[in-house]
Amino acid sequence: MDIVEFLTARIREDEAAALKLLGDPTLAVSGEWYERRLLRECEAKRQLIGIIESARQSVLATLVSLEPADAGWVPDVIEWTTLSLHTLALPYADHPEFQAHWRITG
């Protein structure tokens, strides 16, 4: 499982949990606020992953057409996209499918 698949699965789980709780008539107003906010966060994460993946795919496509001397900026872009995805995965570090190399150190 790659990190995008991992994140997508966790977002789906978060959404399902929030929707289940929103269907509970005994949910307090503060709980309802939190669950609705969680749903918005899930959508924001999904959009951010799309932006990051778009940037990564664009830079990889550009890399194919560049001369090696012109590609010096590519590693920086790959690094920030990788670090961005790893950062999004941090809240799920206790999940059994979380991979240790996704943990940001340093």
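Predicted model: local features only at pLDDT ≥ 70, side-chain atom pairs only at ≥ 80, totals over all residues.
Residues are numbered from 1 along each chain as its sequence is written, and side-chain values use heavy atoms, with hydrogens and water left out.

Student: In what order do the elements of the protein chain run from the N terminus on?
Tutor: Helices (H or I, at least four residues) and strands (E, at least two) are DSSP runs, numbered from the N terminus. The protein chain has 3 helices and 0 strands. The order is α-α-α.

Student: What radius of gyration does the protein chain have?
Tutor: The radius is taken over C-alpha atoms, and the globule rule is 2.2 Å times the number of residues to the power 0.38. The C-alpha trace spans about 65 × 25 × 25 Å along its principal axes. A compact globule of 106 residues would have a value near 13 Å, but this chain has 18 Å.

Student: What percentage of the residues in the protein chain is buried?
Tutor: Buried means under 20% relative accessible area, exposed over 50%, and partly exposed in between (1.4 Å probe, protein chains only). Of the 106 residues, the buried ones make up 29%.

Student: How far apart do the centres of the positive and negative side chains lie?
Tutor: Lys and Arg count as positive, Asp and Glu as negative; His and the chain ends are not counted. Each charge is placed at NZ of Lys, CZ of Arg, CG of Asp or CD of Glu. There are 10 positive and 17 negative side chains, and the centres of the two sets are separated by 7 Å.

Student: How many aromatic pairs does the structure hold?
Tutor: Rings of Phe, Tyr and Trp (its six-membered ring) pair if their centres lie within 6.5 Å; planes under 30 degrees apart count as stacked, over 60 as edge-to-face and the rest as tilted. By that rule the structure holds 4.

Student: How many residues apart are F6 and Y92, which form an aromatic pair?
Tutor: F6 and Y92 are edge-to-face, at 6.3 Å centre to centre with 80° between the planes. F6 sits in helix 1 (residues 3-22) and Y92 in the segment after helix 3, so the pair links distant parts of the chain, 86 residues apart.

Student: Why is the pair of F6 and W102 classed as it is?
Tutor: The ring centres of F6 and W102 are 4.9 Å apart. Their planes meet at 50°, so the pair is tilted.

Student: Is W102 buried or exposed?
Tutor: W102 lies in the segment after helix 3 and F6 in helix 1, so their pair ties together parts 96 residues apart in sequence. F6 has 0% relative accessibility. W102 has 3%, so W102 counts as buried.

Student: Which residues form one aromatic cluster?
Tutor: Both F6 and Y92 are buried. The cluster takes in F6, Y92, F98 and W102.

Student: Which residues is T81 in contact with, leaving aside its neighbours within four places in sequence?
Tutor: T81 lies in helix 3 (residues 74-89). T81 is buried, with a relative accessible area of 0%. Contact means heavy atoms within 4.5 Å. T81 touches I52, A55 and R56.

Student: What distance separates the C-alpha atoms of P91 and I11?
Tutor: P91 is in the segment after helix 3. At 56% relative accessibility, P91 counts as exposed. P91 and I11 are 80 residues apart along the chain, and their C-alpha atoms are separated by 11 Å.
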